[in-house]
Amino acid sequence: HRRFHPTKGLMPKWKFRYDKKTDSYLCPEKHPLTYRTTTREGYREYKSDPEICKACSILTQCTRSRNKQKVLVRHVWEDSKERVRENRLSKSGKRLYRLRKQTIERSFADAKQLHGYRYARFRGRDKVLEQALMTAACQNMKKIALHLAKRAR
C-alpha cells in the first residue's frame, strides 16, 4: 500500500472536504473549489477562484502557484476506492487481511517453490503467459484433488 506524501509546508488534500451533492471541494476557509475538467488519465480537476484566494489569510499554506489558484485532483473511481479503504480498515477487513498470508501468499510461494515460478522457462510474453496459466491450472487441479479426497473420507 503506497502512501501519498504532500508537499512539505502545504495543506494536504484531506483538509479539504468533498461535497457529493455539489461535486466540489471546500477549503478550510469554506471557499469552494469547483469542477473544471477531467484529464485523460481519469482525474477530475477542481480549481479555486483566484480572486478569492488572493485575499485569503492562509494562501501561503494552501498553494505556491503564481496565479494564486489551488488545484485538487480526484480520480473518477475515488468513491469506490474510499469504500474499499473503509472495508479494509474495518474489523472484519483486518481479520481477512491477516489470513492473506496463509491463502494467497502461500499459493505464490508454492508456485515459486514447486512449479518453476522462480524463473521463466521460455522467452517471449506469450510463452511466459502460457507457463503461468499452466502453473495456475496445476495448482487448481491439486486443490480439486485435495477437496475430493477430503470428501471421500
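The second largest pocket of this predicted model is lined by Q102, T103, R106, S107, D110, H115, Q139, K142, K143 and L146. The space in this pocket comes to about 210 Å³. The chain also holds 1 cavity of 30 Å³ or more, and its domain assignment gives domain 1 and domain 2.

**The second largest pocket**
- Two elements, α4 (91-114) and α5 (125-152), each give two or more residues to the lining of this pocket.
- α4 gives the most, with 5 residues.

**The cavity**
- The count of cavities of 30 Å³ or more is 1.
- The volume of the largest cavity is about 80 Å³.
- Its lining consists of C27, H31, L33, S48, C53, C56, I58, L59, C62 and K70.
- Sorted by class, the lining of the largest cavity has 7 nonpolar residues, 2 polar residues and 1 charged residue.

**The domains**
- Domain 1 covers residues 13-77 in the domain assignment.
- Domain 2 covers residues 94-152.
- Between the C-alpha centres of domain 1 and domain 2 the distance is 46 Å.

Definitions and conventions:
Residues are numbered from 1 along each chain as its sequence is written. This is a predicted model: local features need pLDDT of at least 70, side-chain atom pairs count only at pLDDT 80 or more; totals for chains, interfaces and linings use all residues. Side-chain values use heavy atoms; hydrogens and water are left out. On a 1 Å grid over the protein atoms alone, a cavity is a set of points where a 1.4 Å probe fits but cannot get out, and a pocket is an open set with protein on both sides within 12 Å along at least five of seven lines; lining residues have an atom within 4 Å of a point. Grid points are joined across faces, edges and corners, and a volume is the space filled by probe spheres set on the points. Domain bounds come from an automatic or database domain assignment. Helices (H or I, at least four residues) and strands (E, at least two) are DSSP runs, numbered from the N terminus.
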